[in-house]
Structure formats: structure tokens, C-alpha cells
Amino acid sequence: MLIGGASVVNIGLGIVRVKAMAVMLGPAGVGLIGLYGSVADLAQSIAGMGINSSGVRQIAESAGSGEMERVARTATVLRRIAFVLGLVGTVLLVTFSKRVSLVTFGTDQHAHAVALLSIAVFFASISGGQTALVQGMRRIKDLANMSMLGTLFGTAIGIPLIYCFREDGVVPSLIGAAGMTIAASWWYRRKVPVRPVSMSFREMRAEAATLLKLGFAFMTCGLLTLGSAYAIRTLIANMSGLHSAGLYQSAWTLGGLYVGFILQAMGTDFYPRLSAIATDDSACNRLVNEQAQISLLMAGPGVMATLTFAPIVIALFYSGEFVAAVAPLRWICLGLMLRVVAWPMGFILLAKKAQTLFILTELAAATVHVGLAWTCIHRFGLTGAGAAFFGLYAWHTSFIYFIVHRLTGFRWSAQNRQSGALVLSLVWMVFCGFLVFPFWIATTLGTIATSLLGIYSLRRLLMLIPGDGIPKPIRRLVVALRLAPASAQL
């Protein structure tokens, strides 16, 4: 709830930032932001070597067993190696900036901007190392505050830069946002009670080797995921221009805006908790089912609303110039609903340190995604990019379920099968309604389905939340609206 609440604030700030960018830059400018962002993310994934994610796992595991000395050692090495890898990433991006510009934009005219973007990569590396300690120690309130402050100050810097310099302000705005993130993470990292430790070079090398060994799987995963996203954006830009790339970027951003905060909350707290009990298959599977139930109930109404009111949402968040993004947005909503279902299961592989399986599943997913995108974009244009994302998760959900079932005996609980069937059926029904019926009939159908699903999800969530976790005024309102019976322990 804390991370979700922070994400709601971040969504509000994101709305302001996205609207400002759309009005000032138009679809082509938004496409430029998406491409630069993909380059920065991909460079950071390579430079980071996955040590931030492996650091979270190591710190969470040590903290769960009370080994605070080991936590301090991991945190010390993580901080130092993040700095070194950040420098390496900066040098590499500057060195290959011309080549990156040619591959991404089809020209070397953006080489200087790509080189400048290396500063954001360095900042991101340092920030990731600092955040890993806070996350691994499960200081959820600090993580929430850190996220909000970083987004707030990043927005406050980014919008004026875009306003003053237009397209030339895109890269400086990304650097400014990364700078604010590193400042926020540094402030909250200082509050973690980890005493300094003295380590010899041999000890540091051994600890770094452990982080890098586990981090290789995370890096490979990130590289495949971000690499496929980069490849698809580049494919769209090269085939149809920055205007189409901007339309796809707008659909992708809006589709993930609501679901993103659910997945962020899941990754922030769920992963460390799962890592702490990873050796107990029964407890591990139970926790995944619990997380999946919460995520499904929270995501369903939001995804349904985005799908139903896509034209209004596009016009509100962007402008009338982005209306062509409605079709891919609806396909992306379908894929995101399946992503919410598959996401918790994937964490089992991480918690179990099943690096080989983890890499193979991500490699297969990236291959399927890029292959489908190549085929669908050539045949259906921009809409095909959204359809490819749905096709990816239609395949990946079944595949990852098969893998984790063989690994831990995981099965969906009866409650999750019931809720999943209801939510996915309603979302699919509304999507098909827009293909078959006139717009006003489909919108009416979607509005009714969204309302019913919202009530159902809220009632189920209220049954899962402890009574003392809900303020008394809200408890009384819930009972008054008959969202929960008066006898319920709210």
C-alpha cells in the first residue's frame, strides 16, 4: 500500500510531465524521448551487470537471517562496484555514441546527444546501488518517499528544460531526472543503520564475484527485455518515422501507467519477502498465490477503464494528434492484464537462484516478442506492435506456469482461478466489443463491465485487508455503501 500510494503520486506527476511533453513536442518529440530513454535503459542494463538486483537479494537474505555483518559487507562492495561500473558504462556509451546514433536514428547527427546521455547512465548506476540497500532492508516507507521525491524534482527540472530548448532539452531533462534520483537515494541510504566495515582486497573480490555471478542472470534478463523494447521502437522509427514511434510510446506509457505501480510495488516488497523463504516450496507458492490475487484484483478495473475510455484518455493525457495510438493501446491493455498474471510466477525463478532457467525464459520471451513485432508491424502497421505485445504474454503466461510448476509444484489456488477467469473474460469481452459494435454501444458495455468489476474487486480486497489497516471513517463508509457487511471485521 505504501509503494502503491507513492506510485499514485508519481502517476499524477507523470500525467503533468506527459501532457507537457505532448503539447510542447508533439508525437515526433515523444518518440524522440522514448528512443533516448531506451538507449539510456539499455546502456544502464549492460553497465550495471545486474548487481543492483543481486544486491537486493543478498541483502534481503542476510537481513532475514539476522546476519547484519554480511549485510554491511554486501552494501560496501555494492556501493563501490556500482561506481566503477557506472564509469565503465559512461566511457563505453561515449565511445560508441556514433554507432548507437546510426543504429537508433539511421544517422550520426544524434551522436553528441547520445554521448551526453552517458551522464544519466552514470547517475542511474550509483542510484541503483544505493536503492538496493534500502530495498533489501525492506524500508518500504523510505522507498516510497525516495520514489516520490525523485519524480517530483525530476519533473520540476525536466519540464522547464523542454520548454526552453524543445527537442534539444530532451537529453538534459533525462540527465536532470537521473540527478534528482541519485540525490534522493543518497539521502535515504544514509538512514539505513549499517555500520562501516573494513575489507581486504581479497574479501572485496570474493563478495563482488558473488554479486556478479548472480547479477549476470539479472543483467541478461534486463538486457533481453530492454533490448527487445529498444529493437521494436527502432523498428517503428525506421519504418514509419519518429511520429509513429511517438504514437507507440504514448500508448505504451498510458497502458503501463496504472499497471506499473502494481508491478513496482510487487517488485519492491514481494521479491525480498519471497527470497527470505525461497527454500520452502510450499510457503513460496502460497506467497505467490497471495500476491497474484491482490495484483489481479487491483489491476483488473484499471486496465478495463483504460481499454474502455482509450480515446478520452489519449486526448486527456496527450492531445488530439495522438488519436492513432488508441488501437495499439487497447492491445497493450490486453497484454498487460496477462503480464499481471505471469509476473508473480517469474519471481520464483529469481528467489530460487535458478539462473539458467531464468535466462532461458527471458531469451525465449525476447525472441517471441521481436519476432511477432517484426511480422505484425509489417502486416498491420502500428497496431501490430500492440498486438505483438499481447501475443507475447499469451504465450509467456502458459510457458512460465509450466516452468514453475515443474520447479516447485506451483498451482493456482481455486480462488485465483475463479478471479482470473472472471477478470480476463470481462476484459476480453470489452475488447471484442470495440471490434464488433458501434463505438457508443461498446463504450456503454465497457462502462458497465468496469463498474461491476470495480465493485467485485473492492469487496474482495476489503475481505483481505486487516481491519486495523483501514481508518475508521473509511470503514464506516465501506459498510454504509454495503461494500462489506456490517458484521465484517473491518
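This dialogue goes through how to read one predicted model, from the whole chain down to single residues.

Visitor: What should I know about the model before reading local features?

Guide: The model is predicted, so to speak of a local feature requires pLDDT of at least 70 and side-chain atom pairs count only at pLDDT 80 or more, while totals for chains, interfaces and linings use all residues. Residues are numbered from 1 along each chain as its sequence is written, and side-chain values use heavy atoms, with hydrogens and water left out.

Visitor: How many helices and strands does the chain have?

Guide: Helices (H or I, at least four residues) and strands (E, at least two) are DSSP runs, numbered from the N terminus. Here the chain has 17 helices and zero strands. Its radius of gyration, taken over C-alpha atoms, is 22 Å, close to the 23 Å that the globule rule gives for 490 residues, so the chain is as compact as a globular protein of that length; the rule is 2.2 Å times the number of residues to the power 0.38. Along the principal axes, the C-alpha trace spans about 65 × 55 × 45 Å.

Visitor: What share of the residues counts as buried?

Guide: Buried means under 20% relative accessible area, exposed over 50%, and partly exposed in between, with a 1.4 Å probe and protein chains only. By that scheme 54% of the 490 residues count as buried.

Visitor: What share of the contacts comes from residues 24 or more positions apart?

Guide: A contact means heavy atoms within 4.5 Å. Among contacts in the chain with a separation of 6 or more, residues 24 or more positions apart account for 81%. One case is Val259, in helix α9 (residues 242–276), which touches Val303, Leu336 and Val340 when residues up to four places away in sequence are not counted. Val259 is buried, with a relative accessible area of 1%, and its C-alpha atom is separated by 9.2 Å from that of Gly300, 41 residues apart along the chain.

Visitor: How far apart in space are Thr181 and Gly222?

Guide: Thr181 and Gly222 are also 41 residues apart in sequence, and their C-alpha atoms are 20 Å apart. Thr181 is found in helix α7 (residues 170–189) and counts as partly exposed at 34% relative accessibility.

Visitor: Which backbone oxygen does the side chain of Ser101 reach?

Guide: A polar contact is a pair of N or O atoms within 3.5 Å; within protein, one must be able to donate a hydrogen and the other to accept it, and residues adjacent in sequence count only if both atoms are side-chain atoms. Ser101, in helix α4 (residues 97–105), reaches the backbone oxygen of Thr107 with its side chain at 2.5 Å. Ser101 is buried, with a relative accessible area of 0%. Thr90 counts as buried at 17% relative accessibility, and beyond its neighbours within four places in sequence it is in contact with Ser118 and Phe122.

Visitor: Where is Arg166 placed, and what is its phi?

Guide: Arg166 sits in the loop between α6 (140–165) and α7. Its phi is near 55 degrees, a positive value in a residue other than glycine, and Arg166 is partly exposed, with a relative accessible area of 33%.
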